[in-house]
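Here is a short tour of one protein model. Look over the sequence and the fold, then read on.

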Amino acid sequence: MSSPTGPASGLPVRMPRPRQPGRHRRPEPLTVPEGAPALVLAVPGTAGTATRSLAEEIVSIARSELPGLEARIGYLEGDDAEYPTLQSVLTHAAEERTARYEQAIAAGVEAKEPEGPVGIVVPLLAGPDSALLRQIRQAVMDSRIAAELTDVLGPHPLLAEALHVRLSEAGLARADRARLFTVATAADGIILASVGGEEAVQAAGITGMLLAARLAVPVMAAALDQEGSIAGVAEQLRSSGSQQLALAPYLIGPEIDTALVEAAAKEVDCPASEALGPYPAIGKLVVTKYTTALGIAPQQPQGAPVR
């Protein structure tokens, strides 16, 4: 028997923990709304086992960031057998959504008729590439499926973090500026190599400024797909005093042949780090693009640092 002041036995009552007020409270975990569209990762470049492995790892990161997420992979240069094209992925997503609704009705379950976009398409691109984005947009149109296309992943501080990590893995930068040790092969000037022309170079330059702040060395962006761009930037860095240059690909990986990166590094006689690849931040940015498109992106608490 209990009373308004507690149990008659005198045993303690476990009360729910009050939600922490103020700007330091923990953000509520995101959940996928019922009937939410699928996240469709649009993967550029030639489809293959390496590309699929990278895309699947990024999707796995995205699912771990947002439990319950329905995520699919569509290839711009797929074959619809082993590597499904973006068009076919959107078509299958629409068919499955309709089938789920019809099965629910047939089973006598009250269900809301599907509405809104079938999928939210997130390009697997660090920066803008008008040619590739045109292909993605055309693939969505050719599917004749209602889908929303998001922006590319960058520029973003998380991409600067990823570039820093790739450079440190190659021995071209210190892993942490707070640690007082040196790396003998550390670069004193970074060429940030992008693809997509001048627009991509400008966007990469924004992330480059964030990277320069992390490394305390000059960083300049250049275009891999513009003749003389890499060499011109290398000359600018050397004329301003940088002697140990490094090339950092501002690329996820599939969007360009790695041989072009190797050739560019050889042309300016400097080492290169690996492409961004399936770095955890890439999966987080994919989820951010998806949740922002859905309108469920978490709000930064007032006064909290932007990451």
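Are Tyr75 and Tyr83 buried or exposed? Both Tyr75 and Tyr83 are buried; the word means under 20% relative accessible area, while exposed means over 50% and partly exposed lies in between, with a 1.4 Å probe and protein chains only.

This is a predicted model, in which local features need pLDDT of at least 70 and side-chain atom pairs count only at pLDDT 80 or more, while totals for chains, interfaces and linings use all residues. Residues are numbered from 1 along each chain as its sequence is written, and side-chain values use heavy atoms, with hydrogens and water left out.

**The aromatic pair**

A search of the whole structure gives one aromatic pair. Tyr75 and Tyr83 form it, edge-to-face, at 5.5 Å centre to centre and 85 degrees between the planes. Rings of Phe, Tyr and Trp (its six-membered ring) pair if their centres lie within 6.5 Å; planes under 30 degrees apart count as stacked, over 60 as edge-to-face and the rest as tilted.

Strand E4 covers residues 71-77. Six of its seven residues are buried. Helices (H or I, at least four residues) and strands (E, at least two) are DSSP runs, numbered from the N terminus. Strand E3 (residues 38-46) runs parallel to E4, and six bridges join them. Two strands pair if DSSP finds at least two bridges between them. Leu41 has Ile73 in E4 as its bridge partner. From E3 the chain passes through helix H1 (residues 49-65) to E4, a right-handed β-α-β crossover. Right-handed means that, with the strands pointing away from the viewer, the path from the first strand over the helix to the second runs clockwise.

**A pocket and a cavity**

The second largest pocket has a volume of about 570 Å³. It is lined by 25 residues, and the closest to its centre are Glu34, Gly35, Ala36, Lys112 and Pro114. Helix H2 (86-106) and helix H8 (280-294) are the elements that give two or more residues to this lining. H2 supplies the largest share, five residues.

The structure holds one cavity of 30 Å³ or more. The largest cavity has a volume of about 50 Å³. Among its lining residues are Leu125, Asp129, Tyr250 and Glu255.

On a 1 Å grid over the protein atoms alone, a cavity is a set of points where a 1.4 Å probe fits but cannot get out, and a pocket is an open set with protein on both sides within 12 Å along at least five of seven lines; lining residues have an atom within 4 Å of a point. Grid points are joined across faces, edges and corners, and a volume is the space filled by probe spheres set on the points.

**Backbone details**

Where is the cis peptide bond with Pro155? The bond runs from Gly154 to Pro155, with omega near 0 degrees. Pro155 lies in the loop between strand E6 (147-149) and helix H4 (157-169).
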